[in-house]
2 protein chains.
Amino acid sequence: MRLNHSFLSTFLTLYAALINTNANANANAETTSTSTSTKIIAEEEHEIGYIQSLKLQIPPLESVTSEFQQIEIYESKHYGKVFVLDECLQLTEKDAPHYNEMLAHIPIMEYIIMSMNMKKQKRIGSETQTETRMDMKPLKVLVIGGGDGYVVAELLKHSFVESIDHVELDQGVIDVSSDHFPWAKDLWKNEKVHLHIEDGAKFVQQKANALSESESTSESYGYDIIIQDSSDPFFYEDDGSLTILPSNVLYSDQHFQALFQLLQPNDGILMFQAETYNIPSNLEVIKEWRGTLDNIGFRNARYGTISIPTYPTGQIGFYVANARAADANADTECTTDDKSSDGRTCIGNHSSSLLASEEFDMKTVTKYFEQMIGKTKYYHPKIHRSAFDLPLWVEEYIY
Amino acid sequence: MRLNHSFLSTFLTLYAALINTNANANANAETTSTSTSTKIIAEEEHEIGYIQSLKLQIPPLESVTSEFQQIEIYESKHYGKVFVLDECLQLTEKDAPHYNEMLAHIPIMEYIIMSMNMKKQKRIGSETQTETRMDMKPLKVLVIGGGDGYVVAELLKHSFVESIDHVELDQGVIDVSSDHFPWAKDLWKNEKVHLHIEDGAKFVQQKANALSESESTSESYGYDIIIQDSSDPFFYEDDGSLTILPSNVLYSDQHFQALFQLLQPNDGILMFQAETYNIPSNLEVIKEWRGTLDNIGFRNARYGTISIPTYPTGQIGFYVANARAADANADTECTTDDKSSDGRTCIGNHSSSLLASEEFDMKTVTKYFEQMIGKTKYYHPKIHRSAFDLPLWVEEYIY
């Protein structure tokens, strides 16, 4: 999702000139504010010959050069405020719920469904739901990246989230987000949230090392849920060469191994941003990540999909994986009986949300979510279940 | 999905110049074929300030000016052959299955599930599946538009599709598609397919008038399934003005009324292309279409979604609706008992595929589909079920 800057800057300059020419040629309602003009931000996927652009109003509302990057906030006509890092679109107010609600609520809800015996609940009836809610144990969560604060804000809606370690590299991102996004205002002043301005990979590695050295089996060292909301790990230049980006360390075998160590061994859940399947090199690493997670000891690594118009190709994905022992999940694995002659009937058995299981009644889960959280914009239990249903060619490639 | 041509043509010229400059500056593997260059095709959604572009190889493989439009086929590096009408992208070989398999198989599978007592099948066991397959009555299908032939080709994979009336305005589209797309080769020579080079709206109106005049109740006049694979009905110019496109007549109340008349009154199914929800004016008409269908007498009009990278915002939708009597579907409507205090728990009850009902076992349906059709690229019963699970804000707006 990165640009070839030398090329694109020329393109953007020319294009911006055209846009302005066009605006002047058409004397219409849009030009009443003559002091406001527009610029175009573009994201090019060289690998597939795809370019996506968005009109932003200039000048930016904010432009800060931090130790690590240029941080900008723009206003836009349709997408609300747009958050840009080094000329790359990170988030728009309009469609940010698509990505962030899924990253926050899917691991929490998977945890809840796994923890509670919803089947039993269903039999006993709805009267016991409030009690179940009280029974949830307090959760410890780690959020890596996501300095815009959206994921952390969604997590805090769950009353049983007891503490969140939030690791973000750039204090500048925290400051700008606090000033501009409603969900981030006073977010890091919340006593449940512990902000660490650090390199996410180093933070994780140090914690894991400390854990190994102490040889402790105490649960107090473990997280129940880890969410990694990172930028892209790599991109291909126009000449076909691969460029490794800083967040690549968050996708190394060593890092995933450390995350595994930091999760509760029986019911810990890992969630991380996992790119779009529409770009061949991405799809390849999506498959590789599944193998890596499996080798480390994660179980049920499932790739899910989110529709989001301002990300290239309108789609981004995530992985959810359990840090529990293999035999505890044997019932969700493919069995020979499930397979037709070509093995395809098993599709879904190894890639589904727990919500796709017949054990869980959608109506009960939905009522539970609404009682707990109330209003969301994108997430609800039905779309949680559906997120794991991929185009067949993608499903067949990954699994 | 249309362009402001005067503006975009200038942009494209400049952009193409840049692309070529860039290619020359980087002496790499891509420039070995010096006789091939690229051009950019762009689609701008003025309403949301969104532009999407795709690189095509020039010269085009084919360029024909028909009575109605300019028809072109380009080669592309990642998306295979690209089909372009009047500079608007219609289809790429790579992601065409996403859209076309859904348009063909969803109405057929909904019909099958509705017709068969799958629940009974499940109890009796898998041995009886072959018999059930033989029991399907022969289906009469009408396809309006879709001159690329993909939907018709998919329909023919179902052996019980007895006849297809295919109405396409432009013989040029049929000819070019026959020459370039593997699925379209000899397609219209198939004895089950009856090609009508006509205006789709007029064809439907004439059939409906003839039916009214004959006062016949004979089932031989009705279609079991009607699929409308049309281009966009309207778009907004850069200055905010609305431009009505030729296919707008395929979305009028009168046309939908005529389609209703042409469908079998008890089990007929209508499927039509229904735009993306990511553009406000589209979402508004998506909601209006549902009201129109409901007023005419259609039941269970359900908006479904498809991920497709080369369509603007990466998403396009469709409607499926039943032409059956209202009381026959009472069990799928919302009831007071289903609703939580704010009514949201009912979400999905009125918007789901039949496959989301607990009556139908996904494994049985999947086995059935695979026995019948074999290999697809995008469609499978799980994604069929999931297509109706929308982002919550979209679901709440439409229903």
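Helices (H or I, at least four residues) and strands (E, at least two) are DSSP runs, numbered from the N terminus. This is a predicted model, in which local features need pLDDT of at least 70 and side-chain atom pairs count only at pLDDT 80 or more, while totals for chains, interfaces and linings use all residues. Residues are numbered from 1 along each chain as its sequence is written, chains are lettered from A and ligands numbered from 1 in the order in which they are written, and side-chain values use heavy atoms, with hydrogens and water left out.

**Stop 1**

Select D86(B). It sits in the loop between β4 (80-85) and β5 (88-92) of chain B. Its phi is positive, about 45 degrees, although D86(B) is not a glycine. Most residues other than glycine have a negative phi, and most peptide bonds are trans.

Now jump to E275(A). Find it in the loop between β12 (269-273) and α9 (280-296) of chain A. E275(A) has a positive phi too, about 65 degrees, and is not a glycine. E275(A) is buried, with a relative accessible area of 3%.

**Stop 2: cis peptide bonds**

Select I58(A) and P59(A). The peptide bond joining them is cis, with omega about 0 degrees. P59(A) belongs to strand β2 (residues 50-65) of chain A. Move to chain B and select I58(B) and P59(B). A cis bond runs from I58(B) to P59(B), with omega near 0 degrees. P59(B) lies in strand β2 (residues 50-65) of chain B.

**Stop 3: all of chain A**

Of its 399 residues, 60% count as buried. Take the contacts (heavy atoms within 4.5 Å). Among those in chain A between residues at least 6 apart in sequence, 66% join residues at least 24 apart.

**Stop 4: between the chains**

A salt bridge is a side-chain nitrogen of Lys or Arg within 4 Å of a carboxyl oxygen of Asp or Glu. How many salt bridges does a search of the whole structure find? The total over all chains is 22.

Select D389(B) and K382(A). They form a salt bridge, with the closest N and O atoms 3.0 Å apart. D389(B) lies in the loop between α11 (381-386) and α12 (392-398) of chain B and K382(A) in helix α11 (residues 381-386) of chain A, so the pair joins two chains. Both D389(B) and K382(A) are buried.

R385(A) is buried, as is D389(B).

Next, select K382(B) and D389(A). Their salt bridge brings the closest N and O atoms to 2.9 Å. It crosses from helix α11 of chain B to the loop between α11 and α12 (392-398) of chain A. Both K382(B) and D389(A) are buried.

**Stop 5: a sheet in chain B**

Strands of a sheet pair through backbone hydrogen bonds, either parallel or antiparallel. Two strands pair here if DSSP finds at least two bridges between them. Colour the open sheet of 7 strands in chain B, ordered β8-β7-β6-β9-β12-β14-β13, with mixed pairing. Its edge strands are β8 (193-197) and β13, each pairing on one side only.

Start at β8(B). 5 bridges join it to strand β7 (residues 161-168) of chain B, and the two run parallel. Pick D165(B): its bridge partner in β8(B) is H194(B).

Y303(B) stands opposite Y319(B) in β14(B). In strand β13 (residues 299-307) of chain B, 8 of the 9 residues are buried, so the strand is largely enclosed by the rest of the structure.

Conventions:
Buried < 20%, exposed > 50% of the residue type's maximum accessible area, 1.4 Å probe, protein only.
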